[in-house]
Amino acid sequence: MALSFDKALGIHQHTLGIRAKRAEVLSSNIANADTPNYKAQDVDFSQALKQASSKQRGVGLGATHQNHFSLQSSLQSQTKYRVPDQPDTGDGNTVDMQQEQAAFMENALEYQMSLGFLESKFMGLKKAIRGE
C-alpha cells in the first residue's frame, strides 16, 4: 500500500512553504526600510494557498499540442507590491516599520502553528505505521 504525503499531510505542507516565503519578503522590507525608492512587498497568502491546493488536487492545465503556450509563464507572481497606508517619506520608500514588524510577528506565529500541525500529522503517521 503506497503512502501519499499529499493526502496524509493535507494543505499544511504548502502553508509552511508560503509562510517561509512571506517571512523572507517581510524581512527584506524591514532590511530596506531606509533604502530610497524601495517599494514594500508582500505575499498574497490566500492566492498562494489556492494555487498550491489546486496543484495538490491535480487540477491544472497541460499542453497537449506543440502550439499551446505554458500558463505558468502568464501567471503573476504571488509577491506583490503593498498599497501603502500613508504617503511615502519623501524618498520614494513605502515601508511602514510598524506594519512590517506586526506582519512579521503574525507570520512567525502562524509559521509555528503550521509547523505544529505538521508535527502532529507526522506523529499520527508514526503511530499508524507502528500499529499503536
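Helices (H or I, at least four residues) and strands (E, at least two) are DSSP runs, numbered from the N terminus. The model is predicted: local features need pLDDT of at least 70, side-chain atom pairs count only at pLDDT 80 or more, and totals for chains, interfaces and linings use all residues. Residues are numbered from 1 along each chain as its sequence is written, and side-chain values use heavy atoms, with hydrogens and water left out.

**Exercise 1. The overall chain**

Task: State how many helices and strands the protein chain has, and in which pattern they follow one another.

Solution. 
- Step 1. The protein chain contains four helices and two strands.
- Step 2. Along the sequence they follow the pattern α-α-β-α-β-α.
- Step 3. Buried means under 20% relative accessible area, exposed over 50%, and partly exposed in between (1.4 Å probe, protein chains only). Of the 132 residues, 26% count as buried.
- Step 4. Accessible areas come from the Shrake-Rupley method with a 1.4 Å probe; for residues, only the protein chains shown count as cover. The accessible surface of the protein chain is about 9300 Å², and 56% of this belongs to carbon and sulfur atoms.
- Step 5. A contact means heavy atoms within 4.5 Å. Among contacts with a separation of 6 or more, 79% are between residues 24 or more positions apart.

**Exercise 2. Helix 4 and its buried residues**

Task: Find which residues of helix 4 are buried, and which helices they pack against.

Solution. 
- Step 1. Helix 4 covers residues 97–130. It has 34 residues and reaches 49 Å from its first C-alpha to its last, close to the 50 Å expected at 1.5 Å a residue. The expected span is 1.5 Å times one less than the number of residues.
- Step 2. The buried residues of helix 4 are Glu100, Ala103, Asn107, Ser114, Leu118 and Leu125.
- Step 3. An α-helix has 3.6 residues a turn, so residues three or four places apart point the same way.
- Step 4. The buried residues pack against helix 1 (5–9) and helix 2 (12–31).
- Step 5. Take Ser114 as a case: it lies in helix 4 and counts as buried because its relative accessibility is 6%. Leaving aside neighbours within four places in sequence, Ser114 is in contact with Thr15, Leu16 and Arg19.
- Step 6. After helix 4 comes Gly131, with a positive phi near 80°.

**Exercise 3. Salt bridges**

Task: Trace the salt bridges made by Arg19, Arg22 and Asp42.

Solution. 
- Step 1. A salt bridge is a side-chain nitrogen of Lys or Arg within 4 Å of a carboxyl oxygen of Asp or Glu. The whole structure has five.
- Step 2. Arg19 and Glu110 form a salt bridge, 2.8 Å from N to O. This pair links distant parts of the chain, with Arg19 in helix 2 and Glu110 in helix 4, 91 residues apart. Arg19 counts as buried because its relative accessibility is 10%.
- Step 3. Arg22 and Asp42 form another, also given as 2.8 Å from N to O. Arg22 lies in helix 2 and Asp42 in strand 1 (residues 41–43), so the pair ties together parts that are 20 residues apart in sequence. Arg22 is buried, at 12% relative accessibility.
- Step 4. Asp42 forms a salt bridge with Arg82 too, the closest N and O atoms being 2.8 Å apart. Asp42 is in strand 1 and Arg82 in the loop between strand 2 (79–81) and helix 4, 40 residues apart. Both Asp42 and Arg82 are buried, and the relative accessibility of Asp42 is 15%.
- Step 5. Arg22, Asp42, Arg82 and Glu100 are linked in a network of salt bridges.
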